[in-house]
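I opened this one to see what the model would tell me. My notes follow in the order I looked things up.

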Amino acid sequence: MTFSPAGLGQALLDKSDEEIVNSHLADLDQILGHGFADSVVEATPFRWKDGSPYCFPGRAKLQPTLLRGTGRVFLAGDYLGTLYTESAITTGFSAAQEAASLLASDRQQRARAWTPTASPNPTRPATERKSA
Ligand SMILES: Cc1cc2nc3c(=O)[nH]c(=O)nc-3n(C[C@H](O)[C@H](O)[C@H](O)COP(=O)(O)OP(=O)(O)OC[C@H]3O[C@@H](n4cnc5c(N)ncnc54)[C@H](O)[C@@H]3O)c2cc1C
């Protein structure tokens with residue numbers, strides 16, 4: 001996959017598919033060596049007008065808050081790391097593990113709070129029965 005970000009992409013938006021493809025093939029030839037373009041067997045251009053959003057000035061000041069752990073909210077996404085898919089995947093796994101761990105702790109605490117002799121319904125913890 002190749003792509004032209006920001007102004008480079010904007011300059012191609014109104015070009016024909018053929019012109020866009022040829023522009024990229026010429027770049028590939030220049031970087032990878034003449035003749036490389038001949039090895040490309042398929043090319044399909046897509047135009048994403050808002051494909052690469054810009055952050056507003058001062059956005060970096062939010063980062064410490066985003067990275068700080070919270071009680072029961074688990075964030076995931078590329079903005080927590082490298083801005084690439086790898087961060088999206090690793091932070092997604094971490095968030096899922098933290099949520100699963102918290103739920104497991106909750107279950108253990110409920111099981112400890114349950115007193116079998118005092119409960120007519122063994123599925124309900126003692127703390128819930130008192131308030132019911
Ligand atoms: C042009 C381009 C080329 C790229 N090339 C590469 C590459 O070669 N390799 C690479 O690793 N990465 C690349 N990336 C980056 C990669 O696409 C991102 O890092 C990755 O998609 C981030 O995944 P994510 O799940 O964190 O966020 P996203 O994929 O952005 O998913 C976030 C989702 O949340 C939804 N959403 C947002 N706000 C709300 C809301 N308020 N309510 C409900 N839903 C909401 C959005 O619609 C979106 O579907 C590229 C990105 C671009 C734009």
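**Ala95 and its helix**

I started at Ala95, which lies in helix α4; helices here are DSSP runs of H or I, at least four residues, and strands are runs of E, at least two, numbered from the N terminus. I kept in mind that this is a predicted model, where local features need pLDDT of at least 70, side-chain atom pairs count only at pLDDT 80 or more, and totals for chains, interfaces and linings use all residues. Residues are numbered from 1 along each chain as its sequence is written.

The cut-offs are 20 or more other C-beta atoms within 10 Å for buried, 12 or fewer for exposed, and partly exposed in between, with C-beta atoms placed from the backbone.

Next I checked what Ala95 touches. Leaving aside neighbours within four places in sequence, Ala95 is in contact with Phe74, Leu75 and Ala76 (contact: C-beta atoms, placed from the backbone, within 7 Å). Ala76 is 19 residues from Ala95 along the chain, and their C-alpha atoms are separated by 6.2 Å.

I then looked at α4 as a whole. Of its 29 residues, the number buried is 0, so α4 lies largely in the open. Its end C-alpha atoms are 42 Å apart, which agrees with the 42 Å that 29 residues should span at 1.5 Å a residue (expected span: 1.5 Å times one less than the number of residues).

**Whole chain**

I counted 5 helices and 0 strands, in the pattern α-α-α-α-α along the sequence. Buried residues make up 1% of the 132 residues in the chain. Of the contacts with a separation of 6 or more, 23% join residues 24 or more positions apart.

Where is confidence lowest? Helix α5 (residues 126-131) has the lowest confidence, at a mean of 51, while helix α4 (residues 85-113) has the highest, at 95. The chain's mean pLDDT is 87, with 86% of its residues at 70 or more (pLDDT: the predictor's confidence in each residue, from 0 to 100). Where pLDDT is low, the predicted coordinates should not be read in detail.

I went looking for positive phi next. Ala6, in helix α1 (residues 6-10), has a phi near 50 degrees, positive in a residue other than glycine. Ala6 is exposed, with 10 other C-beta atoms within 10 Å.

Leu83 sits in the loop between α3 (63-67) and α4, and its phi is near 70 degrees, again positive in a residue other than glycine. Leu83 counts as exposed because it has 12 C-beta neighbours inside 10 Å.

**Around the ligand**

I listed the shell: of the 10 residues around the ligand, Gly77, Asp78, Tyr84, Thr85 and Ala88 come nearest (near: C-beta atom, placed from the backbone, within 6 Å). The shell divides into 4 nonpolar, 4 polar and 2 charged residues (nonpolar: Ala, Val, Leu, Ile, Met, Phe, Trp, Tyr, Cys and Pro; charged: Asp, Glu, Lys and Arg; polar: the others, Gly among them).

Why do I place the ligand between domains? Domain 1 (1-54) and domain 2 (55-114) both give residues to the shell, so the ligand lies between them; the bounds come from an automatic or database domain assignment.

Key
Contact = placed C-beta atoms within 7 Å.
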